[in-house]
Each structure stands twice: as C-alpha cells, then as structure tokens.
Amino acid sequence: MSPEEKNPNAFKEVVKKNKKTIMIIAGEASGDMHGANLVREMLKMNPELSFYGIGGKRLHEEGVELLADASSMAVVGMTEVISKLGTILKTMSEMKQSLEERRPDLVILIDYPDFNLPLANAAKKRGIKVFYYISPQVWAWRKGRIGQIKKTVDKMAVILPFEVDTYGREGFAVNYVGHPLLDMVKLNYSKQESRKKFGLAENKITIGILPGSRLSEVRKLMPELLRAAEILEQEIPDIQFILPLADTLEEKIITEMTSGFTVKVHIISGHTYDVISCADLALVASGTATLETALLGVPMVIVYKISLLSYVIGRLFVHVKNIGLVNIVAGKTIVPELIQGDASGKRMAIEALAILTSGEKKHEMIKELAAIRAKLGEPGAARRAAQIACDMI
C-alpha cells in the first residue's frame with residue numbers, strides 16, 4: 001500500500017506546505033485596482049498562490065484575504081495623516097507581526113511609500129523578498145528615498161518610462177513594464193449609447209465631475225466643483241453634469257454634498273469609463289483619474305486642494321513644474337491645473353468655458369491627449385509585472 005493510500009490526507013498536507021503565500025499591500029483605491037489585476041495575472045501563472053494583506057473591494061474579489069481595508073488608511077497631504085495615524089500604526093504593527101507568523105514567500109508593495117517603505121525594511125530584516133510594483137513618485141519629491149529603496153527592495157517595476165533613468169542615475173536597475181491603464185481603459189458603448197443608457201440627454205453639453213476617490217479630498221473639492229457647475233449652468237443653460245462614483249465612496253455622502261446647491265448632478269455607479277466618455281469636458285481631481293480621462297480623449301481641467309499646512313510643507317519638497325500626471329507624462333502643460341486657492345468654482349468655470357467655447361483650443365487638447373497613449377508603453381503591464389513576481393518566488 002502506498003503512503004497516499006495509508007494516509008489519504010498526506011498528499012494534501014504536502015501540497016499545503018508547498019503552497020506559496022504572498023503579502024500584498026495596496027493602501028489606496030488606484031493601488032487596489034492595479035493590485036487586483038496583478039493578482040489575477042499571477043494566479044493564471046500559478047493557481048496555487050495564496051494572498052493576504054491590505055486592499056479594497058477589487059483585491060477582495062480576487063480572493064485576497066484582507067487584514068485591513070485600504071479606505072481606512074487613504075489620506076491626502078501630510079497633515080491629513082494625523083487623523084488616521086492611530087489606525088495606520090496599528091495596521092503596520094499587525095503587518096509586521098504577520099511577517100513573523102506567516103513568513104510569506106514574497107511581499108508585494110504598491111506605491112503608498114510612507115507605509116510601504118518601512119514595511120519593506122521589516123521584510124528585508126527577516127530575509128523575505130520584496131517586489132515593489134508602481135514606484136513612489138521619487139522624481140517629484142524626496143529623491144533621497146531611492147537610497148532606502150535600493151537597500152530594502154529586491155525588484156522594482158515602474159510604469160512611467162522616465163522612471164528608469166531616475167533610478168538608473170542612482171545605480172538601481174528597475175523594470176519598465178508599461179502603464180496598466182492601457183489594459184483597463186476600455187469602452188462598452190459609444191458616447192451617444194452611454195448617454196442614453198445612463199438617462200442623459202443625448203445632445204446637451206455634458207460636464208464630468210471627478211472629485212477623487214478619498215473622502216478627505218472629496219470634501220475639500222466638491223463645494224468648489226459644484227459652484228463651478230452652477231456658474232456653468234448660468235452661462236450654458238443647455239448643460240448637464242455627471243459624476244462617476246468611485247468604489248470607495250458612498251452615494252449617500254455625495255448626494256448630501258450636492259443637496260445645498262441648485263445644480264443637478266447625475267451620480268452614476270459602475271461603468272466608470274463609459275460615464276467619463278459621455279463628457280464633453282471633465283473637472284478632474286489630480287491623480288490616476290487624469291490619465292484615465294486622457295486615454296478616453298476627454299478635455300479636462302485638473303484641480304487639487306489639500307490643507308494649507310500640507311500644501312506649504314509640500315511646496316518645500318516638490319520639484320516638478322506640473323502636478324497632473326497628464327502634463328508630467330506629456331512633458332509640458334497641455335491641460336490647465338488649478339491648485340489650492342486657484343481651485344475655486346469661479347476659476348474652474350472660467351477655464352472650462354475657455355475650452356468649451358473655443359473649437360480650436362478643444363481640438364488641440366484632444367490631439368495632445370491622443371499622444372499620451374503612445375508615451376505609456378505597450379499593453380500587458382500587469383502580465384509583465386506578474387511574471388517578475390512569480391520568478392521571485
């Protein structure tokens with residue numbers, strides 16, 4: 001009789017022991033999205049992998065065991081972190097403890113550097129390999145972190161082409177995998193079909209309102225975005241407004257914010273890219289959404305607002321001309337940026353009207369946005385990153 005016949009559970013236990021465990025940390029909505037695609041690709045390559053860590057709805061749907069929800073940790077600006085410091089420190093302690101108890105075969109970190117870099121150091125001390133997917137924006141501020149990354153990260157996959165040189169100048173070779181949005185930003189319907197599907201007037205000028213995915217930034221931006229909408233409605237009576245609801249936000253909260261304004265905003269959950277594509281122009285919070293909007297060819301105005309103290313501190317360290325990813329990738333200002341005091345409803349409306357009322361300006365912006373796609377590499381970023389990660393196990 002074979003060992004398997006004597007003990008039918010023996011083979012199962014051997015498989016379980018050999019099963020690789022991976023910790024994955026995505027502390028923000030965009031990281032959750034990119035992390036989910038990475039996990040999906042890794043499971044295609046090795047269905048026996050087991051994942052746990054920090055993330056949101058998308059990672060959970062891919063079967064990742066979540067020890068903490070990303071929404072409880074997402075902040076914008078340096079001073080905003082204070083309100084969530086207790087939660088963040090508690091979660092950090094739990095993650096470090098899990099390194100001891102679970103001994104993962106690999107730690108995958110996605111952006112979110114102020115949390116992930118200390119965790120990378122903790123993993124390195126325990127002899128656990130670290131793969132960083134989607135680099136912190138070291139090219140914009142705190143370049144000194146590259147030294148820390150070199151010491152604690154085994155492999156880095158970057159998604160913007162110029163990041164290769166940024167790290168290369170510091171003697172750290174990284175892997176350029178292209179931008180994951182190229183695989184994700186796809187439409188199911190034409191603009192007219194989408195407008196009909198979402199109950200919008202098919203021939204009205206349509207303005208997209210994208211206030212961000214974190215509640216803290218939404219609270220700062222929404223009042224000004226709605227003031228801009230009221231001004232635009234006065235100037236263009238035949239106009240409508242849409243808001244694609246981020247997975248991290250509750251519709252009830254957004255509805256409450258809009259209740260004090262005269263303008264009507266169509267809040268639409270799901271089908272984010274089809275919703276954005278309905279717009280003739282979008283007012284977009286600085287972040288991943290600006291690139292998504294660019295890939296959809298929708299003209300935009302980028303807006304950004306944090307606490308005054310966070311802004312003052314940030315200006316001491318940030319060394320880039322533009323803050324919008326669209327402009328950074330383009331290498332020039334192709335889309336207006338309204339920051340802090342300039343991110344007022346009046347200024348937003350003025351910039352929006354300047355684009356809407358000038359066919360030449362609008363056409364030129366759409367042309368520049370089309371060129372962004374060519375600068376972001378080839379599709380298949382998640383698959384290429386997954387191969388790197390699987391090779392490290």
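The chain contains 19 helices and 13 strands, and the model is a predicted one. Of its 393 residues, 51% are buried. Among contacts with a separation of 6 or more, 68% are between residues 24 or more positions apart.

**Surface**

- The chain exposes about 18,100 Å², and carbon and sulfur atoms supply 51% of that area.

**The six-stranded sheet**

- Six strands form an open sheet with parallel pairing, in the order E10-E9-E8-E11-E12-E13.
- At the edges of this sheet are strand E10, residues 265-269, and strand E13, residues 337-339; each of these two pairs on one side only.
- From one strand to the next, the twist averages 20°.
- Strand E8, residues 205-210, runs parallel to strand E11, residues 281-285, and four bridges join the two.
- Within this pair of strands, Gly208 is placed opposite Ala282 of E11.
- Helix H12, residues 251-258, lies across E10 and strand E9, the latter covering residues 239-245. The helix runs at about 175° to E10.

**Helix H6**

- Helix H6 comprises 13 residues, 113-125.
- The buried residues of H6 are Pro113, Phe115, Asn116, Leu117, Leu119, Ala120, Ala122 and Ala123.
- After H6 comes Gly127, which has a positive phi near 75°.

- His34 belongs to helix H3, which covers residues 29-45.
- Is His34 buried or exposed? Its relative accessible area is 5%, and because a residue counts as buried under 20%, His34 is buried.
- Leaving aside residues up to four places away in sequence, His34 touches Tyr133, Ile134, Pro180, Leu181 and Met184.

How values were computed: Residues numbered from 1 in each chain as written. Predicted model: local features only at pLDDT ≥ 70, side-chain atom pairs only at ≥ 80, totals over all residues. Heavy atoms only, no water. Buried < 20%, exposed > 50% of the residue type's maximum accessible area, 1.4 Å probe, protein only. Contact = heavy atoms within 4.5 Å. Areas by Shrake-Rupley, 256 points an atom, 1.4 Å probe, with all protein chains shown as cover. Pairing = 2+ DSSP bridges. Axes fitted to C-alpha atoms, helices over the stretch in contact; angles between N-to-C directions. Expected span 1.5 Å × (residues − 1).
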